[in-house]
Amino acid sequence: MTFEDLLEQQAKEIARQQGLRERIYCCTAAGCVSSGADAIKKAIDEEIKARGVGAEVECCGTGCMGLCSKGPLVRTQSDGTIYAAVTPEDAGALVAGQGANLLADRKLDPQADFFIKQEKIVLANSGTVDPERLSDYIAAGGYQALARAVMELTPQQVIEEVKRSGLRGRGGAGYSTGLKWELVAKQPVDTKYVVCNADEGDPGAFMDRSILEGDPHRVLEGMAIAGYAVGAQQGYIYVRGEYGLAIQRLQAAIKQAERERLLGSRIFEDNFQFRIDLRIGAGAFVCGEETALIASIEGKRGQPRQRPPYPPESGLWGKPTLLNNVETFGNIAPIVAKGGDWFATIGTPTSKGTKVFALAGKIENTGLIEVPMGTSLRTIVFEIGGGIPEGRAFKAAQTGGPSGGCIPPQFLDIPVDYESLHKIGSIMGSGGLIVMDDTSCMVDVARFFMDFCMDESCGKCIPCRAGTVQMHDILQRITKGEANENDVALLEQLAKLLRETSLCGLGQTAPNPVMSTLNYFSGEYEAHIRDHRCPAGHCVLPAAASSNREVQA
Amino acid sequence: MPVVTKPDVPAVKDNRERFLERAMSRHHYSGDALIEVLHTAQELYGFLTPALLKTIARKLRLPPSRVLGVATFYHFFSLEPKGEHSMIVCTGTACYVAGAQGLMRVLEHRCAKAGSTSPDGKMSVQAARCIGSCGLAPAVIYDGKILPRLTPDQLNAELDRIGVK
Ligand SMILES: Cc1cc2nc3c(=O)[nH]c(=O)nc-3n(C[C@H](O)[C@H](O)[C@H](O)COP(=O)(O)O)c2cc1C
Ligand code: FES
């Protein structure tokens with residue numbers, strides 16, 4: 001396909017869509033599917049057939065529309081309304097164009113904080129394009145950034161653009177994406193690889209999954225641009241095995257793109273060639289770590305190795321390898337299309353652009369959101385998230401998963417960016433944000449994450465393998481009321497040991513949830529140890545010998 | 001024990017062997033493709049027997065220890081037959097906050113521990129770390145279908161219905 005063909009296809013598809021009286025979008029992402037979206041889509045398709053209006057009304061599936069807790073969601077293109085809690089019985093009203101009248105009670109207010117406080121770059125297409133149709137993505141301007149890169153820019157210019165944007169990796173560590181690309185581009189080797197980390201192991205996070213399910217071509221385009229910039233001809237996407245729908249959509253998207261010569265050889269009639277293959281994970285959290293992921297693609301046990309050398313120098317099969325997260329790649333096409341300077345106007349001085357968060361836990365609006373970097377936690381939890389259900393009190397927000405920490409109420413007004421979160425003992429992480437109310441016991445939360453790390457430790461280095469077990473053991477004793485005052489000091493000692501001597505990030509950051517809860521909720525540790533009492537009423541403790549306080553169940 | 005076809009018997013010349021062979025040849029019998037091949041093998045046979053692992057090792061020219069090492073490293077691969085039904089309890093953070101522990105306790109009490117199958121072969125219990133449906137927490141995948149916002153009472157009722165004692 002040439003650039004002219006691409007523009008022609010875009011114009012044709014836009015005209016076709018505008019010729020329809022109505023286009024009905026059913027959210028067919030995982031959240032809505034599990035609350036019955038498939039049946040709704042089927043009912044609407046049947047209704048269209050039964051009424052013989054196939055020429056004027058079209059129904060398509062889309063990626064996540066964001067407000068998962070109100071699903072299944074359906075959007076009508078003519079007026080842009082989103083309807084919540086739709087049932088198959090509503091199909092008639094929607095197809096007849098009577099949604100505004102008959103489903104008025106389930107219309108979501110487009111002026112609600114949930115919508116207006118967000119800014120969408122990565123998720124711009126999620127919920128508005130059919131992820132199974134390449135022409136939808138092309139109509140939205142898709143693959144024009146790749147065309148611009150290949151036809152107008154040199155690889156070095158692409159890298160400059162990415163550097164100027166200030167984009168930092170969205171997989172957790174926040175390393176400058178432009179610098180990483182430059183490092184790989186500089187290697188004087190012919191064979192290089194581009195790898196997309198779609199292992200999303202953080203429990204309670206589903207951003208990457210939603211991006212892959214909702215807009216797979218965006219990730220492919222980002223990877224192809226990266227391939228051009230660093231001089232690689234082969235890309236791999238390492239996807240979690242649990243993400244069946246994402247895998248299916250990616251496979252379909254790769255086929256479509258190859259058929260249209262947007263991937264493969266002679267892309268945009270240039271000498272640039274780039275292929276993408278999938279590698280399916282097999283359920284190991286540590287495979288999200290870059291060197292473990294590389295070992296896993298090579299068909300080995302997913303165990304990390306000592307760095308340096310870092311993957312940009314020696315990665316997959318010993319070749320220079322560029323490894324980025326799904327969301328990082330999702331930002332690339334807009335940056336190349338609109339320029340790095342545009343991107344750099346969004347966010348804070350050190351953290352540019354937006355961040356996608358998966359809101360979950362004790363929060364009214366669970367779902368997927370995207371906000372400019374630097375948005376306050378209060379805005380995210382109380383305005384966009386709608387606050388805590390049942391009138392309960394906010395206790396903590398957990399970010400960064402098992403490598404992160406719990407943020408107490410006194411920090412609700414800090415801007416959410418890499419530096420600020422780090423300063424208060426948490427990390428940005430990949431974007432899981434779990435809200436806890438006063439029924440959550442923070443000691444047990446720490447135990448929960450340590451249990452996770454203990455389970456997922458690959459066993460290669462001793463501090464992590466044995467240390468997580470010891471820390472978990474102590475935490476468990478505290479929650480059972482069997483610990484003594486010395487145990488906290490022991491926890492702190494072990495935490496220091498793990499941080500300083502573990503081989504990879506898993507062990508190095510495993511103490512973070514413990515340390516942050518010890519910092520901000522030390523009273524709860526004391527209550528468990530001294531009074532055998534769980535202030536949240538979560539843990540079951542035997543009555544203390546020295547106190548006759550009532551034991552809470 | 002649940003009824004499963006015995007892939008150990010070399011005489012079983014069914015299509016599954018051909019499919020597995022095709023998967024290996026597609027990857028040019030390369031050792032790097034071990035994980036893909038194990039995925040295919042488990043899809044075809046339900047679980048990985050020692051005989052199956054040995055065959056794969058021989059064909060991909062890998063030491064059997066490496067194949068066993070990989071098969072036991074990843075949670076996804078099962079070396080034991082699965083039960084008639086399966087329940088995967090999400091024990092990710094959102095589900096934990098919403099009370100997944102209570103669901104796990106019910107299953108451990110009535111069926112089996114996470115990662116194993118009840119003695120009567122009726123139910124396999126597994127734990128998953130976030131199934132990406134955090135908005136529906138706590139969630140359980142029951143024979144491939146998501147049961148959203150499940151309570152212990154509902155879970156008990158479902159177990160009663162399918163005749164778990
Ligand atoms: C234990 C562990 C788990 C990780 N899991 C993930 C993950 O699930 N997804 C991800 O993108 N990065 C994960 N990372 C970070 C990667 O190692 C790597 O830094 C990242 O994918 C680089 O991409 P980025 O520069 O685009 O952020 C993990 C790191 C560690 C130590
Ligand atoms: S934590 Fe259970 S679905 Fe995410």
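# Briefing: ligand shell, salt bridges and domains

By class, three nonpolar, nine polar and six charged residues make up the shell around ligand 1. The model described here is predicted. Across all chains, a search of the whole structure finds 41 salt bridges. One of them joins A:Arg279 to B:Glu36. Chain B is divided into two domains, 16–73 and 85–161.

**The shell around ligand 1**

- In total, 18 residues surround ligand 1.
- The closest are A:Gly171, A:Lys180, A:Asn324, A:Asn325 and A:Thr328.
- Strand 8 of chain A, residues 321–325, supplies at least two residues of the shell.
- Which element gives the most to the shell around ligand 1? Strand 8 of chain A does, with three residues.

**Polar contacts of ligand 1**

- A polar backbone atom of A:Gly171 lies 2.7 Å from an oxygen atom of ligand 1.
- A:Lys180 uses its side chain: a polar atom there is 2.8 Å from an oxygen atom of ligand 1.
- A:Gly201 brings a polar backbone atom to 3.0 Å from an oxygen atom of ligand 1.
- How much of ligand 1 does the protein bury? Taken alone, ligand 1 exposes 620 Å², and the protein buries 89% of that.

- Side chains of opposite charge can pair when their charged atoms come close.
- The side chains of A:Arg168 and A:Glu419 meet in a salt bridge, at 3.2 Å from N to O.
- This pair links distant parts of the chain, with its residues 251 residues apart.
- A:Arg168 sits in the loop between helix 9 (155–165) and helix 10 (177–186) of chain A. A:Glu419 belongs to helix 18 of chain A, residues 418–423.
- Is A:Arg168 buried or exposed? A:Arg168 counts as buried, because its relative accessibility is 17%, under the 20% cut-off.
- A:Glu419 has 32% relative accessibility, so this residue counts as partly exposed.

**A salt bridge between two chains**

- A:Arg279 and B:Glu36 meet through their side chains in a salt bridge, with N and O 3.7 Å apart.
- Why does this pair join two chains? A:Arg279 lies in strand 7 of chain A (residues 275–280), while B:Glu36 lies in helix 2 of chain B (residues 34–45), so the pair joins two chains.
- A:Arg279 is buried, with a relative accessible area of 16%.
- B:Glu36 counts as buried as well, at 14% relative accessibility.

**A salt bridge within one helix**

- A:Asp473 forms a salt bridge with A:Arg477. The closest N and O atoms are 3.3 Å apart.
- Both residues are in helix 20 of chain A, residues 462–479. They are four residues apart, so about one helical turn separates them.
- A:Asp473 counts as partly exposed, at 37% relative accessibility.
- A:Arg477 is also partly exposed, with a relative accessible area of 25%.

**Domains of chain B**

- Domain 1 of chain B covers 16–73, and domain 2 covers 85–161.
- How far apart are the C-alpha centres of domain 1 and domain 2 of chain B? These centres lie 30 Å apart.

Methods. Residues numbered from 1 in each chain as written. Chains lettered and ligands numbered in written order. Predicted model: local features only at pLDDT ≥ 70, side-chain atom pairs only at ≥ 80, totals over all residues. Heavy atoms only, no water. Near = heavy atom within 4 Å. Polar contact = N/O pair within 3.5 Å; in protein donor to acceptor, adjacent residues only side chain to side chain. Areas by Shrake-Rupley, 256 points an atom, 1.4 Å probe, with all protein chains shown as cover. Nonpolar A, V, L, I, M, F, W, Y, C, P; charged D, E, K, R; others polar. Salt bridge = Lys/Arg side-chain N within 4 Å of Asp/Glu carboxyl O. Buried < 20%, exposed > 50% of the residue type's maximum accessible area, 1.4 Å probe, protein only. Domains from an automatic or database assignment.
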